Amino acid sequence: KQWYQRRVRGFIFNVTGNDRRKSVTPLLKQLHFLPVRQRIKYKVALLVFKCVNNLAPTYLLELLKLRDPKRHSIRLDDDFFYLDIPKKPGFVRTCGAFSYVGPSIWNSLPYDIRCLSDIGNFKKSLKTYFYNQVYN
């Protein structure tokens, strides 16, 4: 994963010899590449967006559930774009399951990104959000 980004950096910027040991971050920033962790979060958030907007296959739609608004209104209840996060799984390997990670990443996004309905605008805003988190 990170290896591919280093190879691309070497190819595009003709990095050889001792330059290969230098930090990748400034070059990734120049290329507008997201680091691998943020790229994974980007992809998961995009899948959740598709589920929320009924653009995903049914087997994915069944894994996510919109949070029910409560009777007694509090500030969070005005946000109808939150997803229910299931209880944390008992096994370490299942902590990476889409049904657990997807809602966690989605709910951590700002409201103005979660409420977008156009996929193009969502992708652009999401990449900008993750890019600013990493490089600013």
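1. Let us start with Leu63, which sits in the loop between α4 and α5. Helices here are DSSP runs of H or I with at least four residues, strands are runs of E with at least two, and both are numbered from the N terminus. Leu63 counts as partly exposed because its relative accessibility is 41%; the scale used calls a residue buried under 20% relative accessible area, exposed over 50%, and partly exposed in between, with a 1.4 Å probe and protein chains only. The C-alpha atoms of Leu63 and Ser99 are 5.3 Å apart, although 36 residues separate the two along the chain.

2. Before you read on, please keep in mind that this is a predicted model, in which local features need pLDDT of at least 70, side-chain atom pairs count only at pLDDT 80 or more, and totals for chains, interfaces and linings use all residues. Residues are numbered from 1 along each chain as its sequence is written, and side-chain values use heavy atoms, with hydrogens and water left out.

3. Now for the overall picture. The protein has 7 helices and 0 strands, so the pattern read along the sequence is a run of helices by the DSSP assignment, written α-α-α-α-α-α-α. Of its 136 residues, 30% count as buried.

4. Phe98 belongs to helix α5 and counts as buried, because its relative accessibility is 17%. Its C-alpha atom lies 8.6 Å from that of Leu60, a residue 38 positions away along the chain.

5. How many salt bridges does the structure hold? The count is 1, where a salt bridge means a side-chain nitrogen of Lys or Arg within 4 Å of a carboxyl oxygen of Asp or Glu. The partners are Asp84 and Lys65, with their closest N and O atoms 3.7 Å apart. This pair links distant parts of the chain, 19 residues apart, and both Asp84 and Lys65 are in the loop between α4 (58-61) and α5 (98-108). As background, side chains of opposite charge can pair when their charged atoms come close. Asp84 counts as partly exposed because its relative accessibility is 28%, and Lys65 is partly exposed too, with a relative accessible area of 48%.

6. Which residues gather in a patch of positive charge on the surface? They are Arg39, Lys43, Lys123 and Lys127. Patches are built from residues with over 30% relative accessible area and no salt bridge, joining like charges within 9 Å and nonpolar side chains (Val, Leu, Ile, Met, Phe, Trp, Tyr) within 5 Å. Lys and Arg count as positive and Asp and Glu as negative, while His and the chain ends are not counted; each charge is placed at NZ of Lys, CZ of Arg, CG of Asp or CD of Glu. Helices α3 (36-52) and α7 (119-135) each supply at least two residues of the positive patch. Lys43, in helix α3, counts as partly exposed because its relative accessibility is 43%.

7. There is also a nonpolar patch on the surface, formed by Val8, Phe11 and Ile12, with about 310 Å² of accessible area together. Accessible areas come from the Shrake-Rupley method with a 1.4 Å probe, and for residues only the protein chains shown count as cover. Ile12 is found in helix α1 (residues 2-13) and counts as partly exposed, because its relative accessibility is 44%.

8. Is Arg114 buried or exposed? Arg114 counts as buried, because its relative accessibility is 3%. It is placed in helix α6 (residues 111-114), and its side chain reaches the backbone oxygen of Leu109 at 2.9 Å.

9. Asn54 deserves a look of its own. Most residues other than glycine have a negative phi. Asn54, which is not a glycine, has a positive phi of about 55°. It lies in the loop between α3 and α4 and is exposed, because its relative accessible area is 62%.

10. Finally, Leu116 lies in the loop between α6 and α7. Leu116 is partly exposed because its relative accessible area is 23%. The C-alpha atoms of Leu116 and Asn53 are separated by 9.7 Å, with the two residues 63 positions apart along the chain.

Conventions
A polar contact is a pair of N or O atoms within 3.5 Å; within protein, one must be able to donate a hydrogen and the other to accept it, and residues adjacent in sequence count only if both atoms are side-chain atoms.
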